[in-house]
Amino acid sequence: MGSAQQIRRKPGRPGKEYAPYLEAAWGFKNHWYPALFSDELPEGSLRGVMIAGHEIALRRAKGKVYALADQCAHRGVKISARQMCLNDEHLTCWYHGFCYGLEDGVLKTIVGSPKDPIIGKVRIRTYPLEERSGIIFVFVGDPDYRPLPSLSADLPIPITDDPNPTPHLLEEGLFVRGIHALARSNWRLGAENAFDPGHVLIHWDNAIVAATDSFIPLGFHPTSPEAVKIIDLPDGPKGIMNMYNTGAYELVTENLVAGIKSRGSNHHYLRTSFYLPGCLLVEHWPLTGLAIYGWYVPTDDQHHEYWDVVIGRYNSEAERKNLDFKYEKMFKPLHFEDFYSNDIFAREAMQRYYARQDGWSREQLCELDSGIVTWRKLASRYNRGIQAPPDWAAPRD
Amino acid sequence: MGSAQQIRRKPGRPGKEYAPYLEAAWGFKNHWYPALFSDELPEGSLRGVMIAGHEIALRRAKGKVYALADQCAHRGVKISARQMCLNDEHLTCWYHGFCYGLEDGVLKTIVGSPKDPIIGKVRIRTYPLEERSGIIFVFVGDPDYRPLPSLSADLPIPITDDPNPTPHLLEEGLFVRGIHALARSNWRLGAENAFDPGHVLIHWDNAIVAATDSFIPLGFHPTSPEAVKIIDLPDGPKGIMNMYNTGAYELVTENLVAGIKSRGSNHHYLRTSFYLPGCLLVEHWPLTGLAIYGWYVPTDDQHHEYWDVVIGRYNSEAERKNLDFKYEKMFKPLHFEDFYSNDIFAREAMQRYYARQDGWSREQLCELDSGIVTWRKLASRYNRGIQAPPDWAAPRD
Amino acid sequence: MGSAQQIRRKPGRPGKEYAPYLEAAWGFKNHWYPALFSDELPEGSLRGVMIAGHEIALRRAKGKVYALADQCAHRGVKISARQMCLNDEHLTCWYHGFCYGLEDGVLKTIVGSPKDPIIGKVRIRTYPLEERSGIIFVFVGDPDYRPLPSLSADLPIPITDDPNPTPHLLEEGLFVRGIHALARSNWRLGAENAFDPGHVLIHWDNAIVAATDSFIPLGFHPTSPEAVKIIDLPDGPKGIMNMYNTGAYELVTENLVAGIKSRGSNHHYLRTSFYLPGCLLVEHWPLTGLAIYGWYVPTDDQHHEYWDVVIGRYNSEAERKNLDFKYEKMFKPLHFEDFYSNDIFAREAMQRYYARQDGWSREQLCELDSGIVTWRKLASRYNRGIQAPPDWAAPRD
């Protein structure tokens with residue numbers, strides 16, 4: 001039973017230009033992904049995360065963070081399920097006391113069997129890690145992938161075409177606060193919603209828009225190929241940028257057939273861009289001078305961990321306190337909770353169609369989606385590999 | 001491990017006489033089904049239902065109700081998931097503002113992309129609809145099924161062989177109140193329980209029976225082929241009627257081996273009949289002069305939406321108020337809640353056996369089930385088609 | 001993505017010596033299993049249990065307990081779902097009143113159809129049953145398995161090599177109290193955790209250990225083949241015994257590499273043994289003179305019902321009252337709840353690895369696991385058959 005019908009068929013099969021993207025249900029591998037905020041992993045503690053099907057244990061010892069496979073080689077339990085931190089050199093399994101070296105993952109001893117012949121002969125894998133601006137990033141993919149790309153190659157470009165540029169995440173001394181949580185949709189649906197110029201309709205009545213009387217267009221009509229700019233620096237970031245403020249887009253402010261008009265009198269400059277492996281930048285949002293960084297980190301093929309982080313510069317303790325105040329009393333309730341909940345609702349609403357009905361080949365894209373198509377092609381071309389499903393998710397034979 | 005064993009095998013394979021019925025896990029198509037009570041869909045509102053695997057959005061605009069496919073052609077979200085009713089001509093998707101004509105399902109505009117070339121070229125399907133006696137009925141099946149059968153052909157026959165006949169649902173000016181809700185069993189198990197003469201045992205100790213001191217037999221022993229009457233009017237209703245009051249059934253009032261006797265001193269005339277695609281009529285229940293209409297509407301292959309509705313005539317506002325009083329204080333708590341909960345319990349108890357262990361070929365029917373077998377054969381012969389599973393439920397290749 | 005890597009490969013495929021054990025996901029058949037405590041089934045009552053995929057209805061009538069298949073032959077409902085006990089001779093189905101003889105399972109009457117031709121021709125299966133020391137045991141397996149083994153053959157041996165031997169469950173007049181509940185892991189992971197000498201680490205900080213200042217070693221290093229004794233009496237129990245107190249094990253009390261030392265000053269004699277089909281004995285625990293019996297009863301392939309029972313002798317009502325006091329105020333909160341919750345946590349933590357990633361072939365056993373390997377071989381050799389999955393769990397074709 002086909003509930004949606006196209007009166008005239010488009011020639012050709014959709015999706016051929018971005019076939020690798022369609023295969024990336026578990027994400028792209030050999031990229032840097034955020035795992036935890038630094039303050040979520042205090043000294044001596046242990047936490048587990050799942051990224052693109054990899055279960056990873058993160059432990060901080062003597063200030064340094066280590067990432068190892070979160071599964072004991074002995075009987076397969078999740079090591080992070082219970083904290084058993086006996087010393088600063090090992091990741092110790094709580095069940096039988098298998099102790100793995102934090103640096104190399106090699107089995108160093110077994111608590112109850114110190115003469116065991118398998119000591120030194122068993123290893124769990126380790127992951128490259130960087131902690132920057134209060135966020136712990138892990139490089140997830142093939143154990144032997146070399147050379148290791150720089151973290152900056154998987155983040156937005158520094159902004160240079162703006163008289164008042166928003167900061168870059170890797171600058172020192174930034175204000176950085178935000179959230180991350182699990183959404184029940186594939187990461188690609190999260191990513192596409194993030195920079196979709198047509199999704200503004202779900203925000204037109206949100207509290208932050210109403211409270212600030214912000215003007216929100218109904219949509220953006222691309223009028224030239226420059227509407228979406230491609231960023232593909234050698235050994236640097238690969239992404240797309242919606243050039244909302246260049247004349248390459250015509251703003252839609254009224255639709256007479258539908259009977260709806262844009263609201264709000266405060267016109268506000270902002271711009272969105274999106275980078276491999278799945279990082280959003282919104283310049284000058286929620287307020288001028290600040291920026292939002294968002295990530296859509298694959299968890300498994302049906303879930304992603306979304307990150308929504310605000311960054312800003314401050315020159316004094318008073319300015320920092322003011323940003324904290326704004327975060328607690330405005331950004332968090334109005335942006336990270338109310339505004340953002342509409343995005344999550346939309347992504348989860350798409351999930352059933354894409355997962356169960358192969359929406360990827362049946363969707364009916366329109367002009368509003370030209371940026372999404374550009375992203376799919378770019379991601380198909382520049383990703384560093386397609387993550388295969390983990391063995392526990394593969395069909396058993 | 002066969003837990004039930006038959007000491008002597010019956011020859012032949014059961015179910016051959018009603019093979020189409022056994023295939024109708026998703027219901028019969030090209031029939032009229034109740035979708036909502038009229039008062040559940042106020043002016044301007046939007047609600048989604050699922051019938052036989054079809055997801056259907058119902059919207060009332062300028063008093064009229066429309067039924068369309070509940071899935072946006074763009075990115076597949078459920079349109080009824082959020083109300084975005086901008087005008088009286090469209091069904092508008094809340095995500096990107098795709099606006100479909102209520103009459104024809106054609107895409108009329110996109111809120112943020114009013115010049116989009118796909119406007120007018122994409123369509124979602126519409127469903128025939130009738131609103132009668134406070135109930136919205138939808139014709140579910142093939143989009144091109146013609147001629148459209150009348151609603152009355154999918155309802156019980158008018159009663160003519162009774163000096164005090166109960167009313168027919170399509171009469172004007174009736175009292176109509178009731179409930180509908182989801183049960184976790186296939187619709188056929190709901191239907192069969194509805195008119196099963198052997199299921200009286202689950203009601204023998206119910207509050208409405210105890211309170212009215214009603215006589216309930218332990219069972220009905222058919223003594224002639226006239227016990228179950230077949231109704232098969234040309235272009236009209238197809239159903240079966242249990243002729244409890246004709247002498248074709250012997251009432252069982254005591255079972256000495258089990259040690260149980262019928263209770264209750266008030267003997268009360270009633271009769272049950274059952275019609276395609278799944279509509280029960282109980283004449284003179286819960287009180288003489290009233291009738292119960294029940295439906296067992298397929299949702300998916302493991303759930304059905306059951307309807308339980310009481311109808312009656314009244315000649316004055318005082319009589320109508322009295323029926324309201326009886327409904328609120330007697331029928332609803334004692335029949336629709338207490339009495340009926342036993343039926344739902346029984347249907348859900350059968351589900352596991354029929355779904356997981358192929359109860360359809362392993363069940364051990366007995367004489368009490370002759371009406372059920374007659375229904376299965378009649379439904380196999382007169383249904384207007386077997387509903388195929390929706391694409392999202394079919395095995396993926 | 002293999003998260004655990006072995007630096008040097010072991011020759012040969014693991015598990016070949018105990019292949020039957022690896023196939024016994026649904027347990028071993030033709031063995032005695034505990035089903036309920038006697039006081040859970042009062043006179044006239046009915047309860048359902050699932051053991052190794054068999055759904056079994058237990059009913060007590062005139063003091064005697066009967067076990068029959070818990071599924072009506074008519075339309076497959078679970079008979080124990082509602083109590084419909086009309087007399088002391090039948091198991092009566094609550095739906096249509098099918099009455100099965102408690103002794104033979106034969107259909108004796110149908111409440112509403114006493115002349116039905118299928119009466120006497122349909123049968124549900126019955127199970128052998130023994131009620132001893134306040135526990136109802138059922139023999140689960142093939143209907144025609146003969147001769148019926150004695151219950152004592154599936155219980156621990158009586159202890160004879162101890163000057164102060166703990167009692168045996170089949171002795172008369174014992175104190176017997178305990179718990180049973182469902183755990184979300186395969187029964188084999190429950191069983192192996194039960195007597196695993198390496199799992200002491202999860203108990204080293206438990207309240208009962210801290211409160212009694214008990215010495216707990218970090219592990220046990222087997223120094224001779226006599227560390228694990230095999231028990232294989234002809235027609236009697238088959239099991240293994242950890243000979244902790246014979247010098248065949250060296251106690252590990254410190255691990256310098258990990259930086260952990262044993263705590264506690266009270267050295268306490270105890271011993272663990274484990275018997276087919278899955279029965280643990282811990283002598284002299286939680287206090288000297290008492291014993292723990294544990295069972296790990298397969299429910300389905302992903303769950304087991306664990307039993308944890310303390311038994312003891314008493315010579316006077318004052319001694320019995322004292323045992324009751326100890327049970328309520330010490331054993332129950334500190335052993336059956338706090339201490340035991342760590343075992344259940346560990347078993348459930350293994351489940352995912354063994355079920356989804358075939359831990360059985362990928363686990364990396366060490367010296368601590370020599371008792372487990374011995375058990376697997378013994379169980380493979382002496383079990384009375386491998387339980388096949390029930391029809392409802394088998395893949396449908």
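With how many C-beta neighbours inside 10 Å does Ser133(B) stand, and is it buried or partly exposed? Ser133(B) counts as partly exposed because 19 C-beta neighbours lie inside 10 Å, where a residue is called buried if 20 or more other C-beta atoms lie within 10 Å of its own, exposed if 12 or fewer, and partly exposed in between, with C-beta atoms placed from the backbone. This is a predicted model, in which local features need pLDDT of at least 70 and side-chain atom pairs count only at pLDDT 80 or more, while totals for chains, interfaces and linings use all residues. Residues are numbered from 1 along each chain as its sequence is written, and chains are lettered from A and ligands numbered from 1 in the order in which they are written.

Ser133(B) sits in the loop between strand 11 (129-132) and strand 12 (135-140) of chain B, strands being DSSP runs of E of at least two residues and helices runs of H or I of at least four, numbered from the N terminus. Its phi is near 50 degrees, a positive value in a residue other than glycine. In chain C, Asp235(C) also has a positive phi, near 55 degrees, and belongs to the loop between strand 15 (228-232) and strand 16 (238-242); Asp235(C) is exposed, with 9 other C-beta atoms within 10 Å.

Another backbone feature is the cis peptide bond from Leu276(B) to Pro277(B), with omega near 5 degrees, and Pro277(B) lies in the loop between strand 20 (271-275) and strand 21 (279-283) of chain B. In chain C, the bond from Leu276(C) to Pro277(C) is likewise cis, with omega near 5 degrees. Helix 2 (residues 187-195) of chain B is mostly covered, with nine of its nine residues buried, among them Trp187(B), Arg188(B), Glu192(B) and Phe195(B).

Turning to the chains as copies, a rotation of 120 degrees with 0.0 Å of shift along its axis superposes chain A on chain C with an RMSD of 0.1 Å, by least squares on the C-alpha atoms of residues with pLDDT of at least 70 in both. That is the relation of a three-fold axis.

Between these two chains, 37 residues of chain A are in contact with 34 residues of chain C, contact meaning that the C-beta atoms of two residues, placed from the backbone, lie within 7 Å. Strand 6 (90-92), strand 8 (107-110) and strand 9 (122-124) of chain A each give two or more residues to the side that touches chain C.
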